Every structure is written in C-alpha cells, then in structure tokens.
There are 6 protein chains.
Amino acid sequence: MPYINIKITDEQVSKEEKRLLIEGTTELIVKVLNKNPKTTHVVIEEIPLGNWGVDGKQYLGTKKH
Amino acid sequence: MPYINIKITDEQVSKEEKRLLIEGTTELIVKVLNKNPKTTHVVIEEIPLGNWGVDGKQYLGTKKH
Amino acid sequence: MPYINIKITDEQVSKEEKRLLIEGTTELIVKVLNKNPKTTHVVIEEIPLGNWGVDGKQYLGTKKH
Amino acid sequence: MPYINIKITDEQVSKEEKRLLIEGTTELIVKVLNKNPKTTHVVIEEIPLGNWGVDGKQYLGTKKH
Amino acid sequence: MPYINIKITDEQVSKEEKRLLIEGTTELIVKVLNKNPKTTHVVIEEIPLGNWGVDGKQYLGTKKH
Amino acid sequence: MPYINIKITDEQVSKEEKRLLIEGTTELIVKVLNKNPKTTHVVIEEIPLGNWGVDGKQYLGTKKH
C-alpha cells in the first residue's frame with residue numbers, strides 16, 4: 001500500500017533514471033517495512049524550474065540542488 | 001471545504017470523463033458527509049506513464065491498471 | 001493505479017462514513033475510467049479545524065462547509 | 001524545512017507572479033514561524049482548467065476564482 | 001480556487017500563528033493573482049519531527065529549520 | 001531540492017525504520033540524480049488503517065500490504 005511521491009525539478013530526467021528511482025524506492029520500502037511491492041506505488045512529478053523556490057527565490061536551473 | 005486530489009496516468013482521459021469524476025466525487029462527498037458542494041474542490045492530476053511505478057516497475061501503458 | 005487523496009476537516013467522521021467514501025470513490029473510478037479496483041488507492045486525511053482556512057480565516061467548526 | 005505547495009489553475013501565470021508568490025510565502029513563513037528561509041521550499045503547480053472542479057463542475061476559465 | 005498546503009514540523013505552533021499563516025497566504029494569493037479569497041483554501045499539516053528528514057537525517061527538533 | 005513524501009499506514013513504524021527510510025531515499029536521490037542531500041527533504045506521513053482503502057475496502061491491518 002505505500003504511496004511515494006517524488007517531486008523534482010523538470011530537468012530532462014531520463015526514463016532510465018526514473019526507472020531507477022521507482023525500483024530503488026520500492027526495494028527500500030520492501031526491505032525496511034516488509035511491504036508488498038505489488039501494492040507499492042511511486043509517482044514522480046517534475047516541476048518547471050520557475051515554479052520551485054528555495055530561500056524565497058526561484059531556481060535558476062543548476063543541476064546540483 | 002473538502003479537497004479531493006485524483007492522480008491517474010495520463011492516457012487521453014476525455015473532458016467528459018473528467019467532468020464525470022468531478023461531479024461524481026462531489027456528489028459522494030455531499031451525500032456521505034453532508035458537505036457544501038460550493039466549497040468542495042476536486043483536482044485531477046495526470047501523470048506520464050513513465051513517471052508512475054508499481055511493483056518497482058514503470059507502467060507500460062495498458063489501460064487496466 | 002489511481003490514487004485518490006481526500007482531505008476533510010477532522011470532525012468525528014465515522015468508520016462507516018470512511019468506508020462509504022472509499023467504496024464510492026473506487027466505484028466511480030472503475031465506472032468512469034475502467035480502472036482496476038485492486039490497484040485503486042483511496043487515502044483520507046483529517047485536518048484539525050484550526051489548520052484549515054478559507055477566505056483567510058480558520059474554520060470555526062460548523063459541519064456544513 | 002517548511003514545504004509549501006500552491007495549486008492554482010493554469011492561466012498564464014507569469015514568471016514574475018510566481019516569483020512574488022515564492023518570495024511572499026517564504027517571508028510569511030519566516031516572519032510568523034521564525035523558520036530558516038534557506039530550507040523553505042515553495043512549489044507551484046498549475047492545473048489545467050478542465051481538471052479542476054468546484055460545486056461539482058469544471059472551471060470555465062474565468063480568472064476570478 | 002487556489003489550494004495551498006503548508007507542511008511544517010509539529011512544534012507547538014499556536015492557533016494564532018496558524019491564523020496568521022492562513023490570513024497572510026490568502027492575502028498574498030489575492031494580491032498577486034487577483035483570486036477570490038472565498039474559494040482560496042489553506043491547509044496546514046504538522047509533521048512529527050522524527051518523520052521529517054533533510055540531508056538524510058531526521059530532524060532533531062531545533063526550531064530554526 | 002527534491003521533496004519526497006512517503007505515505008504508509010500507521011502501524012507502529014519505529015523511529016529506526018523511519019531513519020532508514022529517510023537515509024535510503026536520500027541516498028537514492030543523490031546517486032541517481034546527483035542532487036544535493038542538504039536540500040533533499042523526506043516527509044513520512046502515517047495514515048490510520050481505516051483511512052486507507054484498496055479495492056474499495058478499508059485496510060484491516062495486516063502488515064503485508
């Protein structure tokens with residue numbers, strides 16, 4: 001049943017990177033909490049850079065945040 | 001006041017299907033909880049298939065999930 | 001796969017009312033979008049009245065909002 | 001640490017308006033709760049009009065809602 | 001219609017501080033986006049300290065994060 | 001900047017299990033996306049069993065879901 005929502009900025013994350021995020025998160029949930037992977041959902045949401053702010057400022061698009 | 005967020009995969013859900021989801025969810029909330037429909041909000045979010053995973057795997061796009 | 005999140009104020013919603021919300025939302029999703037109920041998740045979150053505001057004011061606890 | 005998620009309808013909100021929302025929300029959090037702005041995140045999500053319903057009906061796109 | 005969700009750690013935020021957050025956020029939305037405050041919802045969620053992590057670590061409860 | 005929200009049922013998840021979830025999720029995000037852990041937030045939300053439904057039914061509390 002776990003539901004995991006990952007919000008990141010929209011910076012050309014590849015299909016393979018998304019696959020690794022989904023696989024890795026699910027494995028972690030299964031390992032730590034002994035949950036059933038078949039009902040573990042992972043949803044990745046990509047947010048345009050100008051829509052994400054930290055320290056009161058919009059992101060300028062550097063990858064390392 | 002209720003706020004309902006429906007997340008589904010982005011698979012060409014029609015405007016009419018969205019209308020039915022919004023109407024039906026609101027009617028349910030009003031019927032079960034006696035809430036005021038005028039302050040009941042429904043927000044549908046469509047998630048690209050590759051961004052949604054179950055059982056550690058990305059969806060492959062079959063409709064019946 | 002659908003994931004539905006229902007946020008309401010915390011006003012002694014009964015277990016039976018929650019059951020009706022979960023059942024009704026799932027039936028609606030299955031009917032309108034032809035989704036598989038076995039992977040349809042509904043999560044109800046109850047928010048303390050003082051934590052919910054509309055029109056810039058905290059709710060005062062009347063049921064009909 | 002605060003995390004603020006602002007959902008609005010997608011109606012050509014300008015970059016400058018988003019900047020003001022991020023700046024203003026962060027200042028408010030800092031002023032009221034004395035939080036560190038450097039770890040205060042604001043995420044704006046724009047929802048297509050047909051995906052947002054109130055009173056059981058989809059929005060028709062008037063700005064004043 | 002805007003919906004604003006504020007997540008903070010659960011550290012005895014007072015009713016008055018919540019009132020100021022709801023009032024201030026609503027005023028900001030009205031000023032910047034010209035939205036109707038009557039349909040602007042603000043929901044504050046308080047997260048137990050041990051449930052919030054940054055830099056891979058659980059918060060230890062200092063106020064200034 | 002990533003923000004990860006983990007929703008699970010409220011079944012006496014220990015502080016150590018939460019620590020492992022926060023640590024593991026952050027490491028995964030850093031490894032796959034090369035993000036800065038210092039701005040990676042993980043928020044765990046525990047949902048009462050009767051508030052979570054799958055297949056149109058409330059959870060009955062078995063651990064393996």
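How many residues does the contact take from chain F, and how many from chain E? I noted 17 residues from chain F and 13 residues from chain E. I bear in mind that this is a predicted model.

**Entry 1: chains F and E.** I looked up the area next and found that chain F and chain E bury about 1,200 Å² between them. Carbon and sulfur atoms account for 49% of it. I then searched for salt bridges across the interface of chain F and chain E, and the rule finds two. One of them joins F:K38 to E:D55, with the closest N and O atoms 3.4 Å apart. On the side of chain F that touches chain E, β1 (3-9), α1 (15-33) and β2 (41-47) each supply at least two residues. I sorted the residues of that side of chain F into six nonpolar, four polar and seven charged.

**Entry 2: aromatic pairs.** I searched the whole structure and found nine aromatic pairs over all chains. Among them, B:Y3 and E:Y3 are stacked, at 3.6 Å centre to centre and 5° between the planes. This pair crosses between chains, from strand β1 (residues 3-9) of chain B to strand β1 (residues 3-9) of chain E.

Are these two tyrosines buried or exposed? B:Y3 has a relative accessible area of 3% and is therefore buried. E:Y3 also counts as buried, because its relative accessibility is 3%.

I also recorded D:W52 and D:Y59, a tilted pair at 6.4 Å centre to centre and 55° between the planes. Both D:W52 and D:Y59 are buried.

Note on methods: Residues numbered from 1 in each chain as written. Chains lettered and ligands numbered in written order. Predicted model: local features only at pLDDT ≥ 70, side-chain atom pairs only at ≥ 80, totals over all residues. Heavy atoms only, no water. Phe/Tyr/Trp six-rings, centres within 6.5 Å; stacked < 30°, edge-to-face > 60°. Helix = DSSP H or I, 4+ residues; strand = E, 2+ residues; numbered from the N terminus. Buried < 20%, exposed > 50% of the residue type's maximum accessible area, 1.4 Å probe, protein only. Contact = heavy atoms within 4.5 Å. Buried area = accessible area lost by both parts, 1.4 Å probe. Salt bridge = Lys/Arg side-chain N within 4 Å of Asp/Glu carboxyl O. Nonpolar A, V, L, I, M, F, W, Y, C, P; charged D, E, K, R; others polar.
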